[in-house]
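Hello,

Here is the structure I promised to pass on. Please open it alongside this email and follow along.

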Amino acid sequence: MPSGKTHEAATLLVLTPAAGYLYLHDPLLAAGVALGAVASFWVNPDLDLASSRPSRRWGPLSALWGPYRLLFPHRSASHSWLVGPLSRLLYLALPFFAAERLGLELPPVLLPKEVLVGALGGWLASEWLHLALDKIPPWRLVK
């Protein structure tokens, strides 16, 4: 299987020209794609391993991903094309749902819609590129 460095190089190799092309048509969307690609260095399928490059980038906060790793052992549903990204998005959203349930007021998101859409697209493209490099077929829902 490819190393973490290979996954990151592939993300940069594919998404940098994509963002550059998009910049000619929609700079905000391009900025979002670049943001999503960078975010994938912290949030990707290998968060299911405590020793992975993304996990180590979280530093001491990597412990927050402990429950996720218990729910998703390495290369299980975390390495599926639909369940994997969705599970990480929901996991990241949990603190915001909890804050809302506790009545805490959160600051508004100040990014333009185009940046948010681009970020989601860039992050998903990186996620799926990761799985393609791992030779995991798109039709595999879970292991």
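Predicted model: local features only at pLDDT ≥ 70, side-chain atom pairs only at ≥ 80, totals over all residues.

**Helix 1 and helix 6**

Start with helix 1 (residues 4-25) and helix 6 (residues 113-133). Their axes come within 10 Å. They cross at roughly 130°, and the two helices are therefore oblique to each other. The crossing is right-handed.

Which residues make the contact? Helix 1 supplies T6, H7, A10, T11, V14 and L15. Helix 6 supplies G122, A125, S126, L129, H130 and L133. Sorted by class, the contact has 6 nonpolar and 6 polar residues. It has no charged residues.

**G122**

Take a look at G122, which sits in helix 6. Is G122 buried or exposed? Its relative accessibility is 1%, so G122 counts as buried. Leaving aside residues up to four places away in sequence, G122 touches L15, V33, G36 and A37. Now compare sequence and space for G122 and T16: they are 106 residues apart in sequence, yet their C-alpha atoms are 10.0 Å apart.

**Aromatic pairs**

A pair of aromatic rings is described by the distance of the centres and the angle of the planes. The count here comes to 6 aromatic pairs. Two of them are worth a look.

One is W58 with W65. The ring centres are 5.5 Å apart and the planes stand at 70°, so this pair is edge-to-face. W58 has 22% relative accessibility and therefore counts as partly exposed. W65, at 2%, counts as buried.

Another is W81 with W128. Here the centres are 6.2 Å apart and the planes are at 20°, so the pair is stacked. W81 lies in the loop between helix 4 (66-71) and helix 5 (83-101), and W128 lies in helix 6. The pair therefore ties together parts that are 47 residues apart in sequence. How do these two partners stand on burial? At 18% relative accessibility, W81 counts as buried, because the cut-off is under 20%. W128, at 33%, counts as partly exposed.

**Aromatic cluster**

Which residues form one aromatic cluster? They are W58, W65, Y68, F72 and Y91. The edge-to-face pair of W58 and W65 belongs to this group.

Best wishes

Conventions. Residues numbered from 1 in each chain as written. Heavy atoms only, no water. Axes fitted to C-alpha atoms, helices over the stretch in contact; angles between N-to-C directions. Helix = DSSP H or I, 4+ residues; strand = E, 2+ residues; numbered from the N terminus. Parallel < 35°, antiparallel > 145°, perpendicular 65-115°, else oblique. Left-handed = near helix turned anticlockwise from the far one by under 90°. Contact = heavy atoms within 4.5 Å. Nonpolar A, V, L, I, M, F, W, Y, C, P; charged D, E, K, R; others polar. Buried < 20%, exposed > 50% of the residue type's maximum accessible area, 1.4 Å probe, protein only. Phe/Tyr/Trp six-rings, centres within 6.5 Å; stacked < 30°, edge-to-face > 60°.
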